[in-house]
Amino acid sequence: MALSSGVDLEPSARAGHRDPAPAGGPGRRAVLRVLRSDIAVVLSAGYIALVLLAAVAAPLLVQVSGWGPYDFDQAAIDPNLGGLPVGWGGGISAEHWFGVEPGSGRDIFARIVYGARVSMTVALAATALTTVIAVVMGLLAGYHGGVVDLVISRVMDFLMAFPALIFMIAVLSALPAENRQLLLVVVIAVFGWPYLARVVRSQTISLTQREFVEAARASGAGGWTIVFREVLPNLRSTLVVMTTLAVPGYIGTEAGLSFLGVGVIPPTPSWGQMIASSVSWYAVDPAYFLIPSVCLFLLVLSFTVLGDRLRTITDSGELR
Amino acid sequence: MLRYMGVRLLGMVVVLFLVSLFTFVIFFVLSPDPAVQICGKNCTPERIDQIRGTLGLDQPFWTQFGQFLSGVVAGRTYADGQVCPAPCLGYSFQNSLPVWDMLVDRLPVSATVAVGAAVLWLLAGVAGGLLSALKEGTWWDRGAMVLALGGISVPNYVLALVLQYVLVVQLQVLPFPQAVDFADGPGQWFANYLMPWVVLSFLYASLYARLTRANVIDTLGENYVRTARAKGLPGWLVIRRHALRPALTPVATIFAMDFAGLLGGALITETVFGLNGIGKLAADSITQNDQPVIMAVTLLAAFFVIVGNIVVDLLYGWLDPRVRTAR
């Protein structure tokens, strides 16, 4: 998101290089049918569902596995080897399904499922907030035109020229640590909305020149009615595609910020933070590095595949 | 044209002004007192007051902001008589070096990282995307697109650590990257920068390959391409004369933006590999709460992005004559 400006985190704000085609698009049921027949989509959706489930049921899963995310298991690490996990693959055993953290002996499975909670909460909340701001701003600018459009467009230009990653880090490190997740969501949304709003704006402009809007206006519909009844429904497929493609960007941003140490504060687990703390161990305990990395990579990949496929379908209208 | 450039440059100054104001406000409001921080241990209240006076930290907000701005434009003389020539971005709170000199020091490393990565990703991305488009639907195309999908999805610090583990720790074919000077031997220089280049370019190469592929496929479906084919032009000439230019124009403009962005520092890549570029400077100054440096790095990055924006507009007019006549 928002980071194409000056940074190498995730230029995924631009993942939607080619803005999806405007207007209605194929029906929901037809879209679902095409999606279900695509193996990559099914796998992606399955993995996303799995992570969501893990996030929601984290306390329960931890009950079953027997170790909480903050429990230290001194028996699972070898103090003579500087705290390396005992056994194969970073201490993977019936006791600790994904092994344990070197040094502390905390259960990695528990930290992964609780980390999924953080990732999903931040990414989905950021997406929701970004979308709301973007739709409101985009509709306002596109429908009203004139001074409103000018002001909103300038603000968007400004935010997109801003070195967002540096600034996010600076703000996050300067602000107090409590309620970090909320802060992450707000910061991501503030710098993320222009990328979607720009598309909403241009589509609103072209939609308001179409005959059906003219017809609605001629039949006496007011500004708000036109915006919500005529324009917004036609933006639906664009929004679905662009928000799906935005989620992986935000997951990556949260993980990246946590990796840099300004995201979620320890001991609350987060995947990015787990990867960061595995850096000093990866030569001797690769499993500790691999597990959160693979989880993160697959999640981002799944959302990207899903979004990509949705875009292809809405773009090509291959359903009719 | 002159008038157009004038307007753009004015806009640039306005945005830079706003960026500095925005950054200044955030630090003025949020940050702990830098005077206490500079003073360190064994500090007396008198000493803190003295530091505040010297740096002008006891002044009201607008005075401080004004001093900062005039320092950038005209240089600045501190209360203790220290002269900081223009463009004066102040002194680091951490090591008392002039911030401008720190930037000048670090810029070559960031530029080296950015240029090398850019060469790689342009070659791989554009060539890969073009081949994919021409061989649409084949195994080559599918393989390349799967790779590109992976490239978009893998966080670059993960990629960096994997490569480092395999190439440096296990196989020992590359050294741990260091910011080696080209003058110290091109071979060494190349070996040290190779991994950062690959890591940084992988994401961009993937994006560019996807973009190039999509654009070329779109262009090949255009009527004028069909016309060119119909009049008997050989396939490669159709592509070179008619399809490439419109398909690559968006790639060129996005490239200008991405490259400009990277000049402001590849924060994560530089941090992971410990390369002392602008990006690492930003990360370090943030953890140390070194406000003058954070200000400067933010401004520098914004400067590059804005210049990139202007270059994009000019480039577009040059590459696409339709835009030129419209203006």
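**View 1. The annotated domain of chain B.** An unreviewed UniProt entry places the feature "domain: ABC transmembrane type-1" at residues 107-316 of chain B, where UniProt positions follow the numbering used here, feature names are shortened, and annotations may be inferred rather than shown by experiment. Over residues 107-316 of chain B the chain is 82% helix and 0% strand, with the end C-alpha atoms 28 Å apart; here helices (H or I, at least four residues) and strands (E, at least two) are DSSP runs, numbered from the N terminus. The model is predicted, with local features needing pLDDT of at least 70 and side-chain atom pairs counting only at pLDDT 80 or more, while totals for chains, interfaces and linings use all residues. Residues are numbered from 1 along each chain as its sequence is written, and chains are lettered from A and ligands numbered from 1 in the order in which they are written.

**View 2. Chain B as a whole.** The secondary structure of chain B comes to 14 helices and two strands, and its C-alpha trace spans about 85 × 60 × 35 Å along the principal axes. Of the 327 residues in chain B, 38% are buried, a residue being buried if 20 or more other C-beta atoms lie within 10 Å of its own, exposed if 12 or fewer, and partly exposed in between, with C-beta atoms placed from the backbone.

**View 3. Transmembrane regions in the record.** For chain B, the unreviewed UniProt entry lists the feature "transmembrane region" at several spans, including residues 146-169 and 293-319. Residues 146-169 of chain B are 92% helix and 0% strand, and their end C-alpha atoms lie 28 Å apart, whereas residues 293-319 of chain B are 100% helix and 0% strand, with end C-alpha atoms 38 Å apart. For chain A, the unreviewed entry gives this feature at spans that include residues 181-200 and 239-266. Residues 181-200 of chain A are 100% helix and 0% strand, with 27 Å between the end C-alpha atoms, while residues 239-266 of chain A are 75% helix and 0% strand, with 35 Å between the end C-alpha atoms.

**View 4. Helix H1 of chain B.** At 1.5 Å a residue, the 29 residues of helix H1 (residues 2-30) of chain B should span 42 Å, and the end C-alpha atoms are 42 Å apart, which agrees; the expected span is 1.5 Å times one less than the number of residues in the helix. In H1(B), the residues Val15(B), Val19(B) and Thr23(B) are buried. An α-helix has 3.6 residues a turn, so residues three or four places apart point the same way. The cover over the buried residues of H1(B) includes H5 of chain A together with helix H13 (291-319) of chain B.

**View 5. The two domains of chain B.** The domain assignment of chain B gives domain 1 (13-88) and domain 2 (101-326), with bounds that come from an automatic or database domain assignment. The centres of domain 1 and domain 2 of chain B, taken over C-alpha atoms, are separated by 37 Å. Their contact takes 11 residues from domain 1 of chain B and eight residues from domain 2 of chain B, two residues being in contact if their C-beta atoms, placed from the backbone, lie within 7 Å. H1(B) gives the most to the side of domain 1 of chain B that touches domain 2 of chain B, with seven residues.

**View 6. The largest nonpolar core.** A nonpolar core is a set of buried Ala, Val, Leu, Ile, Met, Phe, Trp, Tyr and Cys residues joined through C-beta atoms within 7 Å. Of the 159 residues in the largest nonpolar core, those that touch the most other members include Ile166(A), Met168(A), Val113(B) and Val297(B). The largest share of this core, 17 residues, comes from helix H4 (residues 108-144) of chain A. Domain 1 (13-88) and domain 2 (101-326) of chain B both give residues to this core, so the core lies between them. Not counting residues up to four places away in sequence, Val297(B) touches Ile166(A), Gly265(B), Ile278(B), Leu281(B), Ala282(B) and Ser285(B).

**View 7. Ile48 of chain A.** Ile48(A) lies in helix H2 (residues 39-56) of chain A, and it counts as partly exposed because it has 18 C-beta neighbours inside 10 Å. Leaving aside neighbours within four places in sequence, Ile48(A) is in contact with Ser302(A) and Phe303(A).
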